[in-house]
Every structure is written in structure tokens, then in C-alpha cells.
Amino acid sequence: MKAPLSAKIKHSLSVSRSCFPLLRLHFASKTTHIPRSLLPNTVPGCPDRPWPESNPFAARENLVLVDLEIADGAIRSLCAAGTSSIELSSPTAEEIDLKRGIVFPCFADLHTHLDKGHSWNRSPNLSGSFEEALARVAADGKHWNAEDVYRRMEFSLKCAYAHGTQAIRTHIDSYGEQAAISLGALKHLQQEWRDRLTIQAVTLVTLDCFEAAEGEKLADRFAEFDGGILGGLPLMSSELEGQLDRVFTLAKARNLDLDFHVDESGDPSEMTLRFVAEAAIRHGYEGRVVCGHCCSLAVQSQEAAQKTIDLVRAAGIGIVSLPMCNLYLQDRDQAASGLFTQKEKSMASLQLSHPHSALARHHSGSRI
Ligand SMILES: [Zn+2]
């Protein structure tokens, strides 16, 4: 016998009290908090009526107490708590009391490495440094057969789903035969999870790997994957512009979006983000590029950073910052931390000014 909906919700809330994926279920929840930023300014149907404040705590936290009906994974009706009754049309629908829990849209996790996940036990990065992370992952690669990759990826998907994620983009180490092995495993998982998770996959290689016929092959492989994206690791060199032109050309020919790992260091001379932005404009690929990490931006001069940020804005590039990853891995010798502290405040407002619109496009379609 199937567990009742209320039991499922209770279980989900015990995993994460603030979010849960309940697609294709039909229920009305009473007394649910929703962040004010996710709601229209006024009560639906009453353009002059602001949302009422339920209690001082909710007001301080910018939460609004609502009654909510969800059907087929989308909000069917919404009103201020207790102000009107939600009529449930379906006999299978349930009414539940979320006891002032908070409801969010499901998460869209835009930057993951499912192929690297859950390998710590056999390959721990004991120094916590960026360099050891790279070395450990490289050494761990000997285990990455189809079965191993599938098992670790599947566990990551289960964890993500249990905590309310709806969409995941993963970078895939794509050197040599590994691309076929990892992408093959991910294809199976994509099929198995197709009714619960949207999964995208991005090429992760240094850009020289896109040269010659090998590059065409790699691009074709990702173009065949439903949700495939081209990308990689641009490195500062005299070749960079040409390499970017090549990747953009391959992406355009296959109508693929692009996603790059840029400037993951405390070295201010690393500014591949600017080159990517210039390439996006040069190729008319505005709005189709995402860049992750962007650490060195924080240690560059105000003038240099502003020039890059203006280009990023013009290119419509979505920015993914990875604070958990980079606070852990970066600057363990403290070389850049002084510079970072000085620039943190001024950079914060600049960084906030451009990424959200671009990022929002990649988060669009999120449902409760
Ligand atoms: Zn990454």
C-alpha cells in the first residue's frame, strides 16, 4: 500500500524542512510560509491589497503566510492564509497543514561534477589545497569505469532529489575514452530520472582538445546528448583567442550553449573571463554562455575588474560563483586574502549587478 501524501511530506521535511519535490501530486497546504520575494507585490485579484503580516518573526524574515494549492507540480491557487477557502476539485487531493514551514521553488543546481562526487573515501584531499584536489582526482580516474561512475552519479542524484533539486547541470571530464564512459552512464541515469530531474552535461577539457578532428568528435558526442553543452577550461596564453573561436564555432554549428570554468585562482593576471566575453560578442552568442568560479576577479584592480564586468554584462553571460568549493580550496597560503578583503565590498555590488538576469534564465521553469 502506498504511503499517504502527508507521510511523504513528513519524510521530505525530515530530510530538509524547507523544500521538497512533489511533482504530479495534488494537495492544498494551509499555513505555509513563502518568501515575499517570490510573491507578487499584492494579493492576487486585489491590486490594492498588500500581503498581511502574520507575526513578527515572519515579518522580520520577509515571509508571508499563505494557503496554497499545488497540482501537477505547479501552483494552482494562492491566497493569504485563512482569507478564502481553496476548493479541491480532485477526489484524490489531500489537504495538509505544513505548520508554518517554508516552501521554495525546487533548486536548479547549475554547476556540479557528478563524475567526481563521492570519491573522498578512496581519494581524500588531506591538505585541502586546489593542487591536491587536481592530483587526487587525476589519480582517482583509474577507478572510473561505467559501473563506478554510474554508482556515484546515481547517489548524487538521489541526494539532490531528496533535498529538493529539480534540475542539475554537471561538467564531465572528457579526456580520451572517459567522455564516452561517463556520458554513457549519465544517459542511463537521465532516462531513469526523466520524470523527476532535468539533467544537462558539459564538456570539461582544456580548450586545445577541441582542435582538429578530435574536437568535432567531442562536440558531436555532446550534441547527441539531450541537454548537451560545450565548454571547458580556458587558460591564459597567446592561443586563447583562437581556441575560443574554435569552441564557439563548434557550438554554433550544433546550436549548443557554452559553459566555461574560468580563473579559479587568486592570480590577478588570470582573466580568461574577459576573453570569453569578447568571444561571445564577436560570435553573436550573447545570452548563451555561462562562466563558473571567476575567483581572480576579486583580486584584480578595480579598473581591470570593471572592464571585464562591463563586457560580461554586454555578452549576457551568466555567472556561477561557487563559494563552498572555492572558500575551501583557494588561497590556503593567504597570498590573495589581503587583496580580497580590500576589494570585497566594492566587488560585491558589481557582481550582484549582472549575474542574476542571466542566471535566472537557466533557473526558469522551476516549479514548487
Ligand atoms: Zn567545476
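These questions and answers walk through the fold of a predicted model.

Residues are numbered from 1 along each chain as its sequence is written. In this predicted model, local features need pLDDT of at least 70 and side-chain atom pairs count only at pLDDT 80 or more, while totals for chains, interfaces and linings use all residues.

Trainee: How many helices and strands are in the protein chain?
Mentor: Both are DSSP runs, numbered from the N terminus: helices are H or I with at least four residues, strands are E with at least two. By that count the protein chain has 12 helices and 11 strands.

Trainee: In S8, what is the bridge partner of Ala-201?
Mentor: Strand S7 (residues 198-204) runs parallel to S8 (residues 228-232), and two bridges join them. Ala-201 has as its partner in S8 Gly-228.

Trainee: Are H7 and H8 parallel, perpendicular or oblique to each other?
Mentor: Axes are lines fitted to C-alpha atoms, for helices over the stretch in contact, and angles run from 0 to 180 degrees between N-to-C directions. H7 (residues 240-253) and H8 (residues 272-282) have axes that come within 10 Å and cross at roughly 45°. Angles under 35 degrees count as roughly parallel, over 145 as roughly antiparallel, 65 to 115 as roughly perpendicular, and the rest as oblique. The pair is therefore oblique.

Trainee: How many nonpolar residues are in the contact of H7 with H8?
Mentor: Contact means C-beta atoms, placed from the backbone, within 7 Å. Leu-240, Glu-241, Leu-244, Asp-245 and Phe-248 in H7 meet Thr-272, Phe-275, Val-276 and Ala-279 in H8. Ala, Val, Leu, Ile, Met, Phe, Trp, Tyr, Cys and Pro count as nonpolar, Asp, Glu, Lys and Arg as charged, and the others, Gly among them, as polar. The contact has one polar residue, two charged and, as nonpolar, six.

Trainee: How many residues of S2 are buried?
Mentor: Buried means 20 or more other C-beta atoms within 10 Å of a residue's own, exposed 12 or fewer, partly exposed in between, with C-beta atoms placed from the backbone. Strand S2 (residues 63-71) is mostly covered. Of its nine residues, the buried ones number seven.

Trainee: Which residue in the turn between S2 and S3 has a positive phi?
Mentor: Six bridges join S2 to S3 (residues 74-80), and the strands run antiparallel. They form a hairpin with two residues between them. The turn residue with a positive phi, about 55°, is Asp-72.

Methods. Two strands pair if DSSP finds at least two bridges between them. Two residues are in contact if their C-beta atoms, placed from the backbone, lie within 7 Å.
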